[in-house]
Amino acid sequence: MRACWRRAGGILAVVQSLLLAASVLLPASAIAAVSTDKWDYSIGEMVLISGDEMAPGESVRVEVFFPDGSLAQGHVVTAAEDGTFSDTFFLAEGMPGGIYRVVATGLSSGAVFTTEFDPATSSCMNGEVPAISGATATSLTVGWLDDCSNEDGFRIHYGLSSASLTSTVSIAPTAGDNNSRSHTLTGLTCGTTYYIRVEAFKNAPGPQSSSSSVVSGATSPCPPSDTTPPVVTPTISGTLGANGWYVSTVTVSWSVSDPESTVTSTSGCDPTTISSDTTGTTLTCTATSAGGTSSVSVTIKRDATAPTITYSGQNPAPNANGWNNSPVTLSWSCTDATAGPVSATVSETISTEGANQSATGTCTDSAGNTASDTQSGINIDLTPPSVSAAAAPAPNANGWNNTDVVVTFSGTDALSGIDACDPPVTISTEGAGQSTSGSCTDKAGNSASATASGISIDKTPPTVTATLSRPPDHNGWYNHAVTVTFTADDSLSDAVTCDGPVVYSGPDGASVSVSGSCTDAAGNSASGSVTFNYDATAPTISAALDRSPDGTTGWYNLATGAPTVTYTCTDATSGIASCTDPYTFGEGEDQSHTGTAVDNAGNSATASVSDVDVDLTAPTISAALDRSPDGTTGWYNLATGAPTVTYTCTDATSGIASCTDPYTFGEGEDQSHTGTAVDNAGNSATASVSDVDVDLTAPTITYSGQNPAPNANGWNNSPVTLSWSCTDATAGPVSATVSETISTEGANQSATGTCTDSAGNTASDTQSGINIDLTPPTDLTWIGGPADGGSYYFGFVPAEPTCTATDALSGLAGCAVTGYGTTVGSHTLTATATDKADNVATATRTYTVLAWETYGFYRPVDPVPVVNTVKAGSTVPLKFEVFAGALELTDTAIVDTLTYRQVACNAFEDMTESPVELTATGGTVLRYDWTAGQFIFNWKTPATPSKCYKTTLLLDDGSTISAYFKLK
């Protein structure tokens, strides 16, 4: 059996079940009065003591004595109905070795039974097999598990055979157990097998040790003799450029190794840094060992300096304006002092046109270093300018000029700009389709030309002739209008245009002259005229109406009556031959009447009245609404829209002058409207509509709130009713209040309230953010704490539990546990989970807190009901034990009070005196005796002979032990 040294007082929990099941472990037929479950034990084990042959229910005192005969433990147990009993004894660390004796005494029957057992020294290394690892030619590493506690150290014994472990190494201990330990044995012989054992030792009480199994392991084979020189390896750090050149600081370091022997000397093997340019620096490392000498060399070429680049110029050079009109090549020269340039000359060609262009030349040396130079200000214009020729003045619409023409040349250039253009050219000779050319040059030297063509010039006016349209009417006179026309000739531009024919109609006179002009296509003009006699004066006649029309309309209407026209005729020369009689008008529009005057010379004249409008009949008018009201309410509402009344007006004679425009009703009840028709003669008529009810305004809906209101988290855990109030200024609301109820659970729900007025208009309002959670939290889980149905001894109750739960909708607000207690008795825990909607889920657990098991007082004191007779003023040892199940409690802090009070000696009943705290003898205190395995309090009894007292031990869990004393 493996065991460890353990601290005294630690009883394994499994012992409790062994005690309760003792009769099962040791059947009655196997129990011989009193016995232990085995003979040999290790330190840290529990000894199970069992027995029989006691009276049913008899109190049995079970005592365990150390090998020296002193009392180690004494308990009073109760025999079962079959006479069996049991007890335990814990072999604590530090207990002496030897034979322990057990005495079981029946307190009623007086039966005494004994037995013995032997606690052998524990062996914590038994069964441990050390591991061998890390073998070298001269060392081995030993590893093992430290399953011991409070050991004084370890010893490693090793040698060349399992029977001769002649060498020993001591290892310091470590705190605790179950530690992985290891140690390396050095100074060993190569290629040799060693045998090893690990021993744990403890110096007190008495020398103790525990050894592992013996294991073996071999060191590595001895290395062979060295026949090869050292290996020399260079390491070069730095930036490698091109062609084997380094372009940064270079560090060369060396590694020298010889696995077969020691390197005895080196030369040139220290790290070397090359920070200057060099065409080649050679470094050599030489190393010597038993295998010989080897050398390795490396040559470093370093060029970390960029080459020099110099601008040579451009070809071709720019003109005086700084421009080129062909591709430009820029050249640079390259030099390098160390690695040399890859190319001594570089060039770049710019073939695209543009202003202030640039090019970069780059020189690269053989090591890969580069240097660049950028030249700007390169101006290239490859495109000729755009040239135009403009003639002035511009030709007329016929494409001709009648003056000299000046042609001017101009140009545009989007890049370099115009440098110069040819001067203007003047064309002064007459002729058709003439032309001239000129050119412009840009600042880059590009040139282009333009031609002005189609220039036609005619400076000579045409020849004009005037012709009458007919011969004279009578005696060489024209007595009514005659037409004069004009024609012309032109020998160059032609396309002559002349004044239009002139109709001459006065004034009368002899030798009347009429003139006109003609213009050729070039704009040259000339005049011509004709002379003749003309008399076209007719006699005079006038017409007058006898009354005026309506002053406003200009019509003759019912108010004015129809008018009569009268004619007056005169003639200054021959007189009047006839004159038209008066005339009265009837109904009609734009009427006229003409009268004629004829003189004796045959000339005639007429006079008229016109635009006579007569309407003696009133117009007609009708009124009609363009739509019907709502079929249910009789109102015009938002659905139907407001009605429009339209008036239809007619008049057969003068026509309608005005008809009332369509009228759209506004909001209101019992409305009406009248329209009027007025004809152009001023006659009028009316028509009306009435009882029109219009409400185009939706009612007003106002949110009143929700019931019930949400909690502080904004949640409800029951259906929610939302309410709105309704008002309407015109038709009035159908209902003054509306409400909607949300019964389903969910987050951010919404409901809509709708108000309807008497006209059928509606208004709605939607409220959101309604959070309803009707479901309590789920997955209510206990965290820690006493188990449901569990039993725990006082002082050993698990810490107060907490709880958690989940809530899929509103979320968990909290989870709290109530009902926790540690006092003796039954306790019910309630876990209450509350979500943010105040839904609650609960779970309960019930557990029991058990009182401690007390034993005592032990002899020489007997507990109640026995009366102990002692000498007044003497010292009485009060001995007792306290168990929490199988665990014996050893801390004096578990004792609440040790008191006594006087009792009546005849009946040992409590008297009225208050309890008095016990007084210890000689300055001693309550203590736990580890040797005896019990509490001891040396009570100094009162110096009051013939008095009786009751002493009471009160423990923290409320348990008590009492004893009666009679002092003598």
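Figure 1. The model is predicted. Within this pairing, S439 has S449 of β35 as its bridge partner. Both strands belong to an open sheet of 4 strands, ordered β30-β35-β34-β32, in which the pairing is mixed. The edges of this sheet are formed by β30 (400–401) and β32 (418–421), each of which pairs on one side only. Strands of a sheet pair through backbone hydrogen bonds, in either the parallel or the antiparallel sense.

Figure 2. Leaving aside neighbours within four places in sequence, the contacts of D458 are W400, N401, N402, E430, D490, L492, S493, D520, A522 and N524. Two of the residues in contact with D458, W400 and N401, fall in the range of edge strand β30 (400–401). The C-alpha atoms of D458 and A521 are 8.3 Å apart in space, while the two residues are separated by 63 residues in sequence.

Figure 3. Strand β4 (residues 59–65) and strand β7 are antiparallel and are joined by 6 bridges. In this pairing V62 stands opposite A104 of β7. Strand β7 (residues 100–106) has 5 of its 7 residues buried, so β7 is largely enclosed by the rest of the structure. The charged end of R101 is placed over the ring of F65, at 4.9 Å from the ring centre.

**Figure 4. The edge-to-face pair of Y855 and F883.** A search of the whole structure finds 20 aromatic pairs. In the pair shown, the ring centres of Y855 and F883 are 5.7 Å apart and the ring planes stand at 80°, so the pair is edge-to-face. Y855 belongs to strand β66 (residues 853–858) and F883 to strand β68 (residues 875–884); the pair links distant parts of the chain, 28 residues apart. Both Y855 and F883 are buried. A pair of aromatic rings is described by the distance between the centres and the angle between the planes.

**Figure 5. An aromatic cluster of five named residues.** One aromatic cluster is formed by F857, F880, Y928, W930 and F935.

Figure 6. N707 and P708 are joined by a cis peptide bond with omega of about 0°. P708 is located in the loop between β55 (700–707) and β56 (720–727). Another cis peptide bond joins R859 and P860, here with omega of about 20°. P860 is located in the loop between β66 and β67 (867–870).

Figure 7. N243 is not a glycine, yet has a positive phi of about 60°. This residue, N243, is found in the loop between β17 (231–237) and β18 (245–246). N243 counts as exposed, at 56% relative accessibility. D670, likewise a residue other than glycine, has a positive phi near 55°. D670 is found in strand β53 (residues 668–679), and is exposed, with a relative accessible area of 53%.

**Figure 8. The whole chain, shown as context for the close-up views.** The chain contains 2 helices and 75 strands. Its radius of gyration is 70 Å, well over the 30 Å given by the globule rule for 968 residues, so the chain is more spread out than a compact globule. Taken along the principal axes, the C-alpha atoms fill a box of roughly 195 × 110 × 50 Å. Of the 968 residues, 38% count as buried. Among contacts in the chain with a separation of 6 or more, 58% are accounted for by residues 24 or more positions apart. The accessible surface of the chain comes to about 46,300 Å², and 49% of this surface belongs to carbon and sulfur atoms.

Key:
Residues are numbered from 1 along each chain as its sequence is written. This is a predicted model: local features need pLDDT of at least 70, side-chain atom pairs count only at pLDDT 80 or more; totals for chains, interfaces and linings use all residues. Side-chain values use heavy atoms; hydrogens and water are left out. Rings of Phe, Tyr and Trp (its six-membered ring) pair if their centres lie within 6.5 Å; planes under 30 degrees apart count as stacked, over 60 as edge-to-face and the rest as tilted. Buried means under 20% relative accessible area, exposed over 50%, partly exposed in between (1.4 Å probe, protein chains only). A charge sits over a ring if NZ of Lys or CZ of Arg is within 6 Å of the ring centre and within 35 degrees of the ring normal. Two strands pair if DSSP finds at least two bridges between them. The radius of gyration is taken over C-alpha atoms; the globule rule is 2.2 Å times the number of residues to the power 0.38. Contact means heavy atoms within 4.5 Å. Accessible areas come from the Shrake-Rupley method with a 1.4 Å probe; for residues, only the protein chains shown count as cover.
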